[in-house]
Amino acid sequence: MNVLNPYSGELVCSIEETTDTELQQRLTQAGEALRTWRRTSVEERVARLRAGIQYFREDRESIALEITQQMGKPLAQARGEVDAMIDRAEHMLEIAPAVLAPDLLEPKPGFHRRIEHEPLGVVFNLAAWNYPLLIAVNVVVPALLAGNVVLLKHSSKTPLCGDRFAKAFPHVSHLVLDHERTAALIRSGEVDHVAFTGSVEGGREVFQQAASGPKFLDTGLELGGADPAYVAADADLDVAVAAIVDGACYNAGQSCCAVERVYVHQDHYQEFLERAQLELRNYQLGDPQDESTTMGPMASRSAVGFLRSQVEDAIKRGSKLLEGGDAAGESGQFFTPTLLADCPNDCEVMQEESFGPVLPVASVANDEEAIARMNDSRFGLTASVWTPDRERAERFAAELKTGTVFQNRCDFLDPDLPWTGVGDSGKGSTLSRYGLLCLTRRKSLHFKD
């Protein structure tokens, strides 16, 4: 398997696919490791994983360069991803001993009762390319802390990141498998849990494969979204415009929780569009290894055509193209930061995930209209409300069908909070205490004296 640099087209690396013999060896090794690791104390697991975090810290620069070369993220952003991955991992290490400790029930004369949190077994983690460290660490570190062992199949775009996790942490094996063999492994009954980050279609297939094997197999699915933002009548535009544009365009918009549609109170609508257009013009497209570049190429060549088709659909339905909207660069693998105004809620760019630097905007008359339009979606990963009024933010939080509600921020993961979705954005949780508990099963102990 060849990995090509999306900016230059040059060969980054060639990776051999895991053979059937190697796969069987890895499965056998995983089973053997599980017997010991699940009985290792949480404190010892924490110590072992802390050494793995140090590996990423010491090799930060070369790991960041590998990310940039494999998927096109500007180097400064790739360095930021290494740092964020380390912060997330360290947070999970800090909370693990308390979260995974047995739950002791109220004393009852003549009885001892407690709840143990046992590992699931072999966790099969299918990680995506857009945040190749952050997406993988959300499962790898909590799974290991909980006493599981991990088979990691990283995206074919970013296999070197999979190798890094296998080198850094104990009981992580990186597999290089095609689509068919991945599905076969899920069906095989030789893994105990599947964690997948990717498209809705991919998530449905993973879920179906997990249900078709010889044993019941649970799944954690993070499937992206079409995340809305609402700029209320009392919003601070200085804060809202810059943050929303960044939320739509960071990592070239290739983020599950990127801002994908914006609803602006009619009092601010024209000013928001004017300011957003200026912000979008500030991006520097170019070589992602150049420190001055703020937006790299799309990781997939097909993404450019997909984004262009969304823009064309929006224009046909009455939207106005104010900025961008087409391919750029000699390779044609860049997409210009794009601003669309007056977007009807039924156009593709408002209903489907774009996964690119596209900002579609619509005017709303009041909060009630904003809530209705924000909820008019099959997705529900995050939503942001831009207002200084906590009472207004709480009202939106109560009404919005989404996993996370932000006030005055967006496109961010706090490892203290569960990362979870509603509807086609997926099922299960990563990060926080709930991300740890999702990778365990409860065992009830009911002892009579």
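Contact here means that heavy atoms lie within 4.5 Å. The model is a predicted one, in which local features need pLDDT of at least 70 and side-chain atom pairs count only at pLDDT 80 or more, whereas totals for chains, interfaces and linings use all residues. Residues are numbered from 1 along each chain as its sequence is written, and side-chain values use heavy atoms, with hydrogens and water left out.

**Loop residues**

Leaving aside its neighbours within four places in sequence, Ser-319 is in contact with Ala-314, Leu-340, Ala-341, Asp-342, Cys-343 and Pro-344. Ser-319 itself belongs to the loop between helix H11 (301–316) and S12, where helices (H or I, at least four residues) and strands (E, at least two) are DSSP runs numbered from the N terminus. Residues are called buried under 20% relative accessible area, exposed over 50% and partly exposed in between, with a 1.4 Å probe and protein chains only. Ser-319 has a relative accessibility of 6% and therefore counts as buried.

One of the contacts of Ser-319 is Asp-342, which sits in the loop between S15 and helix H12 (348–351). Asp-342 has a positive phi of about 60 degrees although it is not a glycine, and a positive phi near 60 degrees is also found in Asn-408, again a residue other than glycine. Asn-408 lies in the loop between S18 and strand S19 (419–420). Asp-342 is partly exposed, with a relative accessible area of 31%, and Asn-408 is partly exposed as well, at 34%.

**The seven-stranded sheet**

Seven strands form an open sheet of mixed pairing, in the order S12-S15-S16-S11-S10-S17-S18; two strands are taken to pair if DSSP finds at least two bridges between them. Strand S12 (320–323) and strand S18 (404–407) stand at the edges with a single partner strand each, so one side of each is left without a neighbour in the sheet. From one strand to the next, the twist averages 20 degrees, where axes are lines fitted to C-alpha atoms, for helices over the stretch in contact, and angles run from 0 to 180 degrees between N-to-C directions.

Strand S11 (259–265) pairs in the parallel sense with S10 over five bridges and with S16 over four. Ala-229 is opposite Val-262 in S11, and Val-264 has Ser-363 as its bridge partner in S16. Seven of the seven residues of S11 are buried, so this strand is largely enclosed by the rest of the structure.

Helix H10 (residues 269–281) lies across S10, S11, S12, S15 and S16, and runs at about 165 degrees to S15.

Strand S8 (residues 193–197) is mostly covered, five of its five residues being buried. In a regular strand the side chains alternate between the two faces of the sheet. Both faces of S8 are covered, with His-193, Ala-195 and Thr-197 buried on one side and Val-194 and Phe-196 buried on the other. S8 pairs in the parallel sense with strand S5 (residues 122–127) over four bridges, and Val-123 stands opposite His-193 in S8. S8 also runs parallel to strand S9 (residues 218–222), to which five bridges join it, and Phe-196 is opposite Leu-221 in S9.

**β-α-β units**

A crossover is right-handed if, with the strands pointing away from the viewer, the path from the first strand over the helix to the second runs clockwise. The table lists two such units.

| Strand, helix, strand | Helix residues | Hand of the unit |
|---|---|---|
| S8, H8, S9 | 200–211 | right-handed |
| S10, H9, S11 | 237–249 | right-handed |

**The whole chain**

The protein chain contains 15 helices and 22 strands, and buried residues make up 56% of its 449 residues. Of the contacts with a separation of 6 or more, 72% are between residues 24 or more positions apart. The C-alpha atoms fill a box of roughly 70 × 60 × 40 Å, taken along the principal axes.
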